[in-house]
Amino acid sequence: YSGETKEIVSFCKTLKHTRNCKIISICGKANTTLSSLSDVAIYIGSFEEAGKIKLVPSSSTTATLAYCDAIAMTIAYNKTITDFSLNHPGGDIGVRLSNVKKFMRHGESCPIVNRRSTVRDAIFKMTAARAGLAIIEDCGIIIAIITDGDLRRSILNHDHNFNILNECIEKYMNPKFVSIDHKMSVDMALDLFKTNSVGDMPVIDDNNRPIGLFSLKDIAKITL
């Protein structure tokens, strides 16, 4: 902030003259040693420091932090989510900015059945995948889902008649469902989960083909 701290001035001289680095400085006043070394010198003005002696950096550091945050947000506004996520691969931010395809289930962990399959087939695949729903397709296109709740209610509505296990899943499937676009970020998908109060969602491609299953349980294991 003073522009005269010896360690910083010495370091910037090294960067300037031996590494040919561009330097942007933020100082409280003009015509400092640091600003003379800078390609871009920003002056944020002088501030009266807090406390009894009014010498220890406090007001000035707060002002500098606010100014730098403003610069960072301006730059971030012109960057894409992909740019940001590349620099934050770990932690909660990294997870939230990642593409859903990184964490979705696929293969045998994604239960998909044809509309002509039986209820038993759907339950078998859901159980094997430890999933809360099965995706129902026709000619490779997603047309409905059926959840474990749907199945329980169907059995109860049939007075515990387990003969429905051999009936066609099409009779009990739910054509009204919410899906996740394969280009979505995890953060956008989490908003969908919150809005719709569900635990699992199918992930679809641009042609409405199911390519995976996204589960809140999987994300919880990563972020905890």
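This is a predicted model: local features need pLDDT of at least 70, side-chain atom pairs count only at pLDDT 80 or more; totals for chains, interfaces and linings use all residues.
Biologist: How many of the residues of strand β4 are buried?
Modeller: Strand β4 spans residues 133-138 and is mostly covered.

Biologist: Which residue of β5 is the bridge partner of L133?
Modeller: Strands β4 and β5 pair in the antiparallel sense over 6 bridges, and they form a hairpin with 2 residues between them. In the turn of that hairpin, C139 has a positive phi of about 55 degrees. Across the pair, the bridge partner of L133 in β5 is T147.

Biologist: Against which elements do the buried residues of α7 pack?
Modeller: In helix α7, which covers residues 148-157, the buried residues are G149, D150, L151, S154 and I155. An α-helix has 3.6 residues a turn, so residues three or four places apart point the same way. The buried residues of α7 pack against α6 (119-129) and β5 (141-147).

Biologist: Which strands are at the edges of the open sheet of 3 strands?
Modeller: The strand order in this open sheet is β6-β7-β8, with mixed pairing. Strand β7, residues 200-204, is joined to β8 by 5 bridges in the antiparallel sense, and V203 has G212 of β8 as its bridge partner. The strands that pair on one side only, and thus stand at the edges, are β6 (180-181) and β8 (210-215).

Biologist: How many residues apart are R115 and E170, which form a salt bridge?
Modeller: The closest N and O atoms of R115 and E170 are 2.2 Å apart, and both residues belong to a network of salt bridges that also includes R116 and D138. R115 is partly exposed, with a relative accessible area of 21%, and E170 is partly exposed at 32%. R115 lies in the loop between β3 and α6, whereas E170 lies in the loop between α7 and β6, and the pair links distant parts of the chain, 55 residues apart.

Biologist: Why is S117 counted as buried, and which residues is it in contact with beyond four places in sequence?
Modeller: S117 is in the loop between β3 and α6. Because its relative accessible area is 15%, S117 falls under the 20% limit and counts as buried. Leaving aside neighbours within four places in sequence, the contacts of S117 are E167, C168 and I169.

Biologist: Is L55 buried or exposed?
Modeller: L55 lies in the loop between β2 (40-43) and α3 (59-77), and together with I53 and V56 it makes a nonpolar surface patch of about 330 Å². Since its relative accessibility is 65%, above the 50% limit, L55 counts as exposed.

Note on methods
Residues are numbered from 1 along each chain as its sequence is written. Side-chain values use heavy atoms; hydrogens and water are left out. Patches are made of residues with over 30% relative accessible area and no salt bridge: like charges are joined within 9 Å, nonpolar side chains (Val, Leu, Ile, Met, Phe, Trp, Tyr) within 5 Å. Accessible areas come from the Shrake-Rupley method with a 1.4 Å probe; for residues, only the protein chains shown count as cover. A salt bridge is a side-chain nitrogen of Lys or Arg within 4 Å of a carboxyl oxygen of Asp or Glu. Helices (H or I, at least four residues) and strands (E, at least two) are DSSP runs, numbered from the N terminus. Buried means under 20% relative accessible area, exposed over 50%, partly exposed in between (1.4 Å probe, protein chains only). Contact means heavy atoms within 4.5 Å. Two strands pair if DSSP finds at least two bridges between them.
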